Amino acid sequence: MKRSATIGLTALAPVSWGTTYAVTTEFLPPDRPLFTALMRALPAGLVLLALARVLPKGAWWWKSLVLGALNIGAFFPLLFVSAYRLPGGMAAVVGSVQPLFVVGLSALLLGRRPAGRTLATGVVAALGVSLVVLQGSGALDVTGLLAAVASTASMAAGTVLTKRWGRPDGVGPLALTGWQLTAGGLLIAPVAFLTEGAPPALDGPAVGGYLYLALANTAVAYWLWFRGIGRLTATQVAFLGPLSPLTAAVVGWVALGQALTAVQVAGMALAFGATLAGQLGERARPSFSSSEKNGRKVSMDLTGHSLRR
């Protein structure tokens with residue numbers, strides 16, 4: 001498959017995540033972020049496990065747990081905590097610097113030296129997202145800010161480690177995604193029940209909303225995301241992340257009647273341009289299995305908008 005087609009399919013993941021805010025506020029029970037995170041991760045993981053019919057072996061048991069914790073189990077709850085506690089789109093602004101986290105971790109773990117253009121592109125992407133989602137002012141909550149930074153670092157580390165470890169021989173991205181979603185969901189479950197109690201009563205729209213989040217927004221989207229990590233560079237994948245808050249802004253404008261200012265439109269153009277620039281000038285390195293790496297010595301919800309009704 002051509003690289004442009006791979007980039008396009010991978011981009012569908014953050015575009016899908018950009019619809020999370022609208023679905024959550026319009027269809028789901030309010031004030032249940034951890035239960036929502038659980039319903040996104042665990043059912044999706046179990047469905048993919050049933051389809052793949054492959055379980056981890058050997059070191060991939062702990063690797064799947066680590067990746068599931070970074071990409072799902074820690075990322076989802078931290079993201080929702082930051083979205084609830086920070087004003088406006090501040091969580092999205094912090095999340096938009098994820099490409100810079102990935103660039104730094106890629107230098108440490110993958111031996112990829114960051115180019116000056118890449119760093120500049122990351123700054124422009126963050127600036128563009130800031131113009132789109134930052135509205136008004138408000139007191140910054142320290143816990144929310146730390147959660148936003150931690151969620152961004154967690155997803156960035158998961159993206160780079162997914163690239164570094166690749167996949168075991170004979171295992172496709174479907175199984176790898178199922179392992180991570182299941183592991184992440186199992187990590188979220190006890191925290192959700194201890195913190196939020198029993199599951200809420202669900203009406204028809206809520207059931208439909210959770211089905212959408214679990215299947216299209218998580219199972220399919222994360223399969224495309226991890227598939228893209230295997231075929232593109234970690235930096236290329238990370239630079240697709242700003243499409244999530246941009247999609248959220250467009251959905252809010254089209255479906256929820258939220259106005260877009262000229263400054264926001266300019267910010268969207270900046271962020272989208274940086275996303276395109278982030279795909280240029282890098283060539284993906286093949287993703288080897290663990291055994292191949294040793295033999296050859298070969299060394300990113302999410303909108304950030306507040307989830308309140």
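Mentor: Start with a term: a residue is buried if its relative accessible area is under 20%, and exposed if it is over 50%. Keep in mind that this is a predicted model.

Trainee: Is Arg-40 buried or exposed?
Mentor: Arg-40 belongs to helix α3, which covers residues 33–52. Its relative accessibility is 0%. The limit for a buried residue is under 20%, so Arg-40 counts as buried.

Trainee: Which side chains make a polar contact with the side chain of Arg-40?
Mentor: A polar contact needs a pair of N or O atoms within 3.5 Å. The side chain of Arg-40 has such a contact at 3.1 Å with that of Thr-218. At 2.5 Å there is another partner, the side chain of Asn-217. The names are Thr-218 and Asn-217.

Trainee: Gly-45 is in helix α3 too. Which residues does Gly-45 touch, not counting those up to four places away in sequence?
Mentor: Gly-45 is buried, because its relative accessibility is 0%. Contact here means heavy atoms within 4.5 Å. Leaving out residues up to four places away in sequence, Gly-45 touches Gly-178, Leu-181 and Thr-182.

Trainee: How do the axes of α1 and α11 cross?
Mentor: Two packed helices are described by the angle and the distance between their axes. Helix α1 spans residues 3–17 and helix α11 residues 204–231, and their axes come within 8 Å. The crossing is left-handed, and its angle is roughly 145°.

Trainee: How many nonpolar residues are in the contact of α1 with α11?
Mentor: On the α1 side the contact includes Leu-9, Leu-12 and Trp-17, and on the α11 side it includes Tyr-222, Leu-224 and Trp-225. By class there are five polar and two charged residues, and the nonpolar ones number 11.

Trainee: How many aromatic pairs are there?
Mentor: Two rings pair if their centres lie within 6.5 Å. By that rule the count is eight.

Trainee: Take Trp-60 and Trp-179. Is the pair stacked, edge-to-face or tilted?
Mentor: The ring centres are 6.1 Å apart, with 50° between the planes. Stacked needs under 30 degrees and edge-to-face over 60, so this pair is tilted.

Trainee: Which parts does that pair tie together?
Mentor: Both Trp-60 and Trp-179 are buried. They are 119 residues apart in sequence, so the pair ties together two separate helices: Trp-60 lies in α4 and Trp-179 in α10.

Terms used
Residues are numbered from 1 along each chain as its sequence is written. This is a predicted model: local features need pLDDT of at least 70, side-chain atom pairs count only at pLDDT 80 or more; totals for chains, interfaces and linings use all residues. Side-chain values use heavy atoms; hydrogens and water are left out. Rings of Phe, Tyr and Trp (its six-membered ring) pair if their centres lie within 6.5 Å; planes under 30 degrees apart count as stacked, over 60 as edge-to-face and the rest as tilted. Helices (H or I, at least four residues) and strands (E, at least two) are DSSP runs, numbered from the N terminus. Buried means under 20% relative accessible area, exposed over 50%, partly exposed in between (1.4 Å probe, protein chains only). A polar contact is a pair of N or O atoms within 3.5 Å; within protein, one must be able to donate a hydrogen and the other to accept it, and residues adjacent in sequence count only if both atoms are side-chain atoms. Axes are lines fitted to C-alpha atoms, for helices over the stretch in contact, and angles run from 0 to 180 degrees between N-to-C directions. A crossing is left-handed if the near helix is turned anticlockwise from the far one by less than a right angle, and right-handed if clockwise. Ala, Val, Leu, Ile, Met, Phe, Trp, Tyr, Cys and Pro count as nonpolar, Asp, Glu, Lys and Arg as charged, and the others, Gly among them, as polar.
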